[in-house]
Amino acid sequence: MDADEVSIREQNFHSQVREYTICFLLFAILYIVSYFIIRRYKRKGDEQEDEDAIVNRISLFLSTFTLAVSAGAVLLLPFSIISNEILLSFPHSYYIQWLNGSLIHGLWNLASLFSNLCLFVLMPFAFFFLESEGFAGLKKGIKARILETVVMLILLALLIFGIVWVASALIDNDAASMESLYDLWEFYLPYLYSCISLMGCLLLLLCTPMGLSRMFTVMGQMLVKPTILEDLDEQIYIITLEEEAIMRRLNGISSSVEYNPKQLEQELNNVKRMKTKLERRKKASAWERNLVYPTVMILLLTKTAISVLLVACNILCLLVDETAMPKGSRGPGIGNASLSTFGFVGAALEIILIFYLMVSSVVGFYSLRFFGDFTPRKDDTTMTKIIGNCVSILVLSSALPVMSRTLGITRFDLLGDFGRFNWLGNFYIVLSYNLLFAILTTLSLVRKFTSAVREELLKALGLDKLHLSHNARDSETAKPSVNGHQKTL
């Protein structure tokens, strides 16, 4: 064996050890952060010292692992983009030798592997293990619950395998394609993950436009709005009188009319919450009221407009250039050329837009009526809800790189199994996805900014009473409160 060959093997061995060490350190940081996030929302009453405590602890660790994988999938594309620009700026620097194309490809492969593992094995195991009690006739304990969980996982795997096999036969009635389904690792799991990714992208298509319009409301609740033609002192005085009236009802000082104590407590909490907001607005400085709020709103509007503009440009590129397809283009590789027209500035803008789309998709996801009760609450979220939230975030985060590349937010090629999805090569699916995203986002923004004008027009024309969707809400607000006054504040 030559000395050169031994030296090459040693270099390959050291590079692999370095890459695995970097991956482990990055994942350890994400795991610790994810653990503290879940502990913040986990219900404190679930912490017992018995068999259920062990089950909850195992489910907690599996959920933390899944949330860490989700965070890694979100950071995957931004990390790759910024690494490409760094390698271009400092190609021969000694301090960034650890940052290379092999490391980036390894991170993409690990993200794909762990996403499959969490989605098809760990999260179903955590859910069934949490709900299991053991088969009848067997001795109760951890082993019985593990046995029941394993049996349920096998039955679930057979069910999913049958559904995918039938769907493949219906969509592509080809003997070769159906025989390839028997190849579990090379075809079945990537095919199933491709279907899950398509569902995740469709979910992002539904959540992201709603989240982009909802972000204005969320940031408006977090920031202090400018005080225009408002008398905060008068509003605080009115709300204080209402609070004192409710307190007298609770203390029984004025008991001429009987009231429901639970309704009184809920009314008191709402009044206190509103009073706190008014006092915060009063204590805020002038620059916070008049500068921060407009600046943030302008930034949100600018990022949303840039996203829609990039999608529109990508639609034009899809119509005239085949290489604009997510699966059709193969770039020069990591560290060889910049994938952004504006260089480092363009890459930074792409990263900002990717994070903005992810946050908007999460906000839009929890704004949907179907997932309204799914929102985690601090110190009051069961493990079942935590598992469901981790699965939902994993599906959204795994589809984020695919959506960003499909919409043309970035030109960075999808690596690993992310770039092997069959539907990415379908021109009509990709074009329809871009068109729907641009149309839904535009309609959501128009509906958001014209809602006040539409309500005033309906009131002026006397058609507000015919708006059936707001009848129940209007009737509730027209009822007098517990202190005998209408809630007009």
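Helices here are DSSP runs of H or I with at least four residues, strands are runs of E with at least two, and both are numbered from the N terminus. On that basis the protein chain has 14 helices and zero strands, giving the pattern α-α-α-α-α-α-α-α-α-α-α-α-α-α along the sequence. Keep in mind that this is a predicted model, where local features need pLDDT of at least 70 and side-chain atom pairs count only at pLDDT 80 or more, while totals for chains, interfaces and linings use all residues. Residues are numbered from 1 along each chain as its sequence is written, and side-chain values use heavy atoms, with hydrogens and water left out.

Let's start with the whole chain. Of its 489 residues, 39% are buried, where buried means under 20% relative accessible area, exposed means over 50% and partly exposed lies in between (1.4 Å probe, protein chains only). The accessible surface is about 28,400 Å², and carbon and sulfur atoms hold 64% of it; these areas come from the Shrake-Rupley method with a 1.4 Å probe. Contact means heavy atoms within 4.5 Å. Among contacts with a separation of 6 or more, 79% join residues 24 or more positions apart.

Now for helix packing. Two packed helices are described by the angle between their axes and the distance between the axes. The axes are lines fitted to C-alpha atoms, for helices over the stretch in contact, with angles from 0 to 180 degrees between N-to-C directions. Take helix 3 (residues 101-131) and helix 11 (residues 383-406): their axes come within 11 Å and cross at roughly 160°. That makes helix 3 roughly antiparallel to helix 11, given that angles over 145 degrees count that way, under 35 as roughly parallel, 65 to 115 as roughly perpendicular and the rest as oblique. The crossing is left-handed, the near helix being turned anticlockwise from the far one by less than a right angle, whereas clockwise would be right-handed. On the helix 3 side the meeting residues include Trp-108, Met-123 and Phe-127, and on the helix 11 side they include Ile-387, Leu-394 and Pro-401. By class, this contact has 14 nonpolar, three polar and one charged residues; Ala, Val, Leu, Ile, Met, Phe, Trp, Tyr, Cys and Pro count as nonpolar, Asp, Glu, Lys and Arg as charged, and the others, Gly among them, as polar.

Helix 11 also meets helix 10 (residues 343-367), with axes that come within 11 Å and cross at roughly 140°. The two are therefore oblique to each other, and this crossing is right-handed. Among the residues that meet are Leu-357 and Phe-365 in helix 10, with Ile-393 and Met-403 in helix 11. The class count is nine nonpolar, four polar and no charged residues.

Asp-379 has a positive phi of about 60° although it is not a glycine, and at 32% relative accessibility it counts as partly exposed.

Ala-324 sits in the loop between helix 9 (286-320) and helix 10, and its 5% relative accessibility makes it buried. Beyond neighbours within four places in sequence, Ala-324 touches Asn-314, Cys-317, Leu-318, Arg-405 and Arg-411.

Finally, go back to Tyr-31 in helix 1 (residues 3-41). Tyr-31 is partly exposed at 24% relative accessibility. Setting aside neighbours within four places, Tyr-31 is in contact with Phe-61, Thr-64, Phe-65 and Ala-68.
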